[in-house]
Amino acid sequence: MMPQQEIEMILARHLASYLAMPIFLVDPAGTVVFYNEPAETILGRRFSETGPLSLEEWSTAFVPRDELGRPLAPDDLPLVVALRDRCPAHSTFWIRGLDGGTHHIEVTAFPLIGEAGRYQGAVALFWDIDPGTRT
């Protein structure tokens with residue numbers, strides 16, 4: 001059971017559900033509260049199947065790797081930077097989806113600030129750079 005969410009997170013989730021771009025939403029603790037259908041294609045599993053994932057779970061589950069194939073530390077992921085530093089972050093890297101497929105993705109993440117400056121979590125927009133080269 002998810003705790004009550006602030007209106008800004010509810011609205012962000014609602015918007016994400018209508019967009020064609022993959023979107024990943026996390027609360028201030030880094031727990032995934034939602035990812036949309038286009039994200040499901042890249043991540044390899046429906047949100048209804050994974051449900052909420054802790055920062056420790058999602059930051060390693062997708063096996064992020066740099067351009068040379070070296071593992072990325074969770075602290076280097078744009079969404080973790082946006083959560084930790086409360087500023088936008090961007091990067092390009094590879095992930096392995098939960099279905100085993102690999103994807104070369106570009107990620108832009110930014111903090112979600114609510115009314116009166118209340119910190120609500122962060123949002124990551126991402127896309128598959130080379131959708132025709134999935135393995």
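Predicted model: local features only at pLDDT ≥ 70, side-chain atom pairs only at ≥ 80, totals over all residues.
Two strands are said to pair if DSSP finds at least two bridges between them, a strand being a DSSP run of E with at least two residues, numbered from the N terminus.

View 1. Residues are numbered from 1 along each chain as its sequence is written, and side-chain values use heavy atoms, with hydrogens and water left out. Val 26 has Val 32 in β2 as its bridge partner. The two strands form a hairpin with 5 residues between them, and Gly 30 in the turn has a positive phi of about 95 degrees.

**View 2. His 103 in strand β4.** His 103 belongs to strand β4 (residues 102-113), and it counts as buried because its relative accessibility is 4%, buried meaning under 20% relative accessible area with a 1.4 Å probe and protein chains only. The side chains of His 103 and Asp 128 are joined by a polar contact of 2.8 Å (a pair of N or O atoms within 3.5 Å, one able to donate a hydrogen and the other to accept it; residues adjacent in sequence count only if both atoms are side-chain atoms).

**View 3. The residues around the largest cavity.** Among the 15 residues that line the largest cavity, Trp 58, Phe 62, Phe 93, Ile 105 and Val 107 lie nearest its centre (a cavity is a set of points on a 1 Å grid over the protein atoms alone where a 1.4 Å probe fits but cannot get out, and lining residues have an atom within 4 Å of a point).

Notes
Helix = DSSP H or I, 4+ residues; strand = E, 2+ residues; numbered from the N terminus. Buried < 20%, exposed > 50% of the residue type's maximum accessible area, 1.4 Å probe, protein only. 1 Å grid on protein atoms, 1.4 Å probe; cavity = no way out; pocket = protein on both sides within 12 Å on 5 of 7 lines; lining within 4 Å.
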